[in-house]
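Visitor: I have not looked at this structure before. Please take me through it by way of a few questions.

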Protein chains: 2
Amino acid sequence: MIRILLAEDEHLIRGALAALLALEDDIAVVAEAGSGDEALAMARAHRPDVAVLDLQMPGPDGVAAAALLRETVPECTPMIVTSHAGAGALKRALAAGVRGFVPKTVSAQQLAEIIRTVHEGGRYIDPELAADAIAAGESPLTSREAELLALAADGAPVAEIAARAALSPGTVRNYLSAAAAKLGAENRHVAARVARERGWL
Amino acid sequence: MIRILLAEDEHLIRGALAALLALEDDIAVVAEAGSGDEALAMARAHRPDVAVLDLQMPGPDGVAAAALLRETVPECTPMIVTSHAGAGALKRALAAGVRGFVPKTVSAQQLAEIIRTVHEGGRYIDPELAADAIAAGESPLTSREAELLALAADGAPVAEIAARAALSPGTVRNYLSAAAAKLGAENRHVAARVARERGWL
DNA sequence: GAGGCGGAATGACATCTGTCATGCAGTCCC
DNA sequence: GGGACTGCATGACAGATGTCATTCCGCCTC
């Protein structure tokens, strides 16, 4: 019997998932959580075999919760279920030690099967997302470029970015310009969007 | 017996919802769809009493599907269920004749209750989203300002916007500047973001 | 009809932003 | 040690952007 923790902030989905997974003979939902913090508390209390975490949650999100879980409850294998995932989220998840990454487009049977796979020590990554992540490749941005692009992402003027990074405005412009060139973007705003989409921020 | 159509592109959620709603004695899921187009076809074929539509779907989204439904299958009452909704989506939905607007944070029992309410001719709008929409108020932007701000939303340079709108670059700058001032934004990029958040585009 | 008001549209001016040439420090490879 | 290379940092210049004053037109009010 595989004992699982289900963390998902949308009651409707959480309840529905719990009901469906309960239909599987070898799976038992032993705990439910509606936020990242709650998920950690529940995991400590119930010591589940597998934690099924939604990516978008209040408090620590799915990936952050997975990272914390690996530290505090190492015998619990974390996996992520999500609606709108990009290659960036997948990368962060793998770096955090997540063993399964599944979009909500799979069926309940498939999800159950993936839970079994993960529980037996295997891995499962959604093929389409994996392809995206591979296609996106490694970030061509230097650390400084990525850092300044992140600061520019909300549309702040250069002067503010320069102040926050303790740099001359000219320097900031230079990095942002280089980043935009590498990304084939016309200006820093579209560059920031592209970089986010590819998980390079 | 209330006959409903369930349109939701995520198999996992759709299957789970269908299972939960089937538990209610007075509700029958007579059709399921995974896209806006499919939802319309199913509605024409099965003539359900209520259409439960996810906001985010391939093809026509939930609101667009609801609008089309009201034309082609007038006896079917549309309602929207969604994860990440803003005031803008709510406004569009109400304009399209949607009778219920529910976030996925409600429980299955609540959803069933809301389906009954809507089926009896009532309305249900999530209180929090309604408050957001009221707080956002009416758009202070003129139609031209909104139009140009929408064109500027993806970070395009002014020259391109001017070409698309068949205006002088100076005029475009002027409108965008006025819009940014009304929205308290420092530049057109943040202005576009703010306007989107408040449903003014 | 006169006057006031607000939106549409434009060009001139000042400021901001992106591009370029340049210098400096660290690293790798002969 | 001497190059060659890469990343970090800066300022000068040109082009893009935002601000302002102004004109024109339709609408409303008196």
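**Sheets, chain contact and DNA**

Guide: This is a predicted model. In chain B, strand 5 (residues 100-103) and strand 6 pair in the parallel sense over 2 bridges.

Visitor: Which residue is the bridge partner of Phe101(B) in strand 6 of chain B?

Guide: Strand 5 of chain B covers residues 100-103 and pairs with strand 6 of chain B. Strand 6 of chain B spans 124-125. The partner of Phe101(B) in that strand is Ile125(B).

Visitor: Which are the edge strands in chain B?

Guide: Chain B has an open sheet of 6 strands with parallel pairing, in the order 2-1-3-4-5-6. An edge strand here pairs on one side only. The edge strands of chain B are strand 2 (27-33) and strand 6 (124-125).

Visitor: In what order do the strands of the sheet in chain A run?

Guide: The sheet of chain A is open, has 6 strands and is paired in parallel. Its edge strands are strand 2 (27-33) and strand 6 (124-125) of chain A. The order is 2-1-3-4-5-6.

Visitor: In strand 4 of chain A, what is the bridge partner of Leu53(A)?

Guide: Strand 3 (residues 50-54) of chain A runs parallel to strand 4 (residues 77-82) of chain A, and 5 bridges join them. For Leu53(A), the partner in strand 4 of chain A is Ile80(A).

Visitor: How many residues apart are Glu24(A) and Arg116(A), the pair that links distant parts of the chain?

Guide: The side chains of Glu24(A) and Arg116(A) meet in a salt bridge, at 2.7 Å from N to O. Glu24(A) is in the loop between helix 1 (11-22) and strand 2 of chain A, while Arg116(A) is in helix 5 (residues 108-119) of chain A. The two are 92 residues apart.

Visitor: How much area do chain B and chain A bury between them?

Guide: The contact takes 29 residues from chain B and 29 residues from chain A. The size of an interface is often given as the accessible area lost when the parts come together. Of the area buried here, 63% is on carbon and sulfur atoms, and the total is about 2300 Å².

Visitor: Which helix gives the largest share of the side of chain B that touches chain A?

Guide: Between chain B and chain A there are 0 salt bridges, but 13 residue pairs are in polar contact. Helix 1 (11-22), helix 5 (108-119) and helix 10 (188-197) of chain B each supply at least two residues of the side that touches chain A. The largest share, 8 residues, comes from helix 1 of chain B.

Visitor: Which element gives the most to the surface near DNA strand D?

Guide: 16 residues surround DNA strand D, and the closest include Arg144(A) and Arg173(B). Helix 7 (143-152) and helix 9 (169-183) of chain A, with helix 9 (169-183) of chain B, each give two or more residues to the surface near DNA strand D. With 4 residues, the element that gives the most is helix 9 of chain A.

Visitor: What percentage of the atoms of DNA strand D within 4 Å of the protein belong to sugar or phosphate?

Guide: A phosphate oxygen of DNA strand D lies 2.9 Å from a polar side-chain atom of Thr142(A). Another contact places a phosphate oxygen 3.3 Å from a polar backbone atom of Val158(B). Bases hold the rest of those atoms, and the part in sugar or phosphate is 56%.

Methods:
Residues are numbered from 1 along each chain as its sequence is written. Chains are lettered from A and ligands numbered from 1 in the order in which they are written. This is a predicted model: local features need pLDDT of at least 70, side-chain atom pairs count only at pLDDT 80 or more; totals for chains, interfaces and linings use all residues. Side-chain values use heavy atoms; hydrogens and water are left out. A residue is near a molecule or strand if one of its heavy atoms lies within 4 Å of it. A polar contact is a pair of N or O atoms within 3.5 Å; within protein, one must be able to donate a hydrogen and the other to accept it, and residues adjacent in sequence count only if both atoms are side-chain atoms. Contact means heavy atoms within 4.5 Å. Buried area is the accessible area (1.4 Å probe) that two parts lose on being put together, summed over both. A salt bridge is a side-chain nitrogen of Lys or Arg within 4 Å of a carboxyl oxygen of Asp or Glu. Two strands pair if DSSP finds at least two bridges between them.
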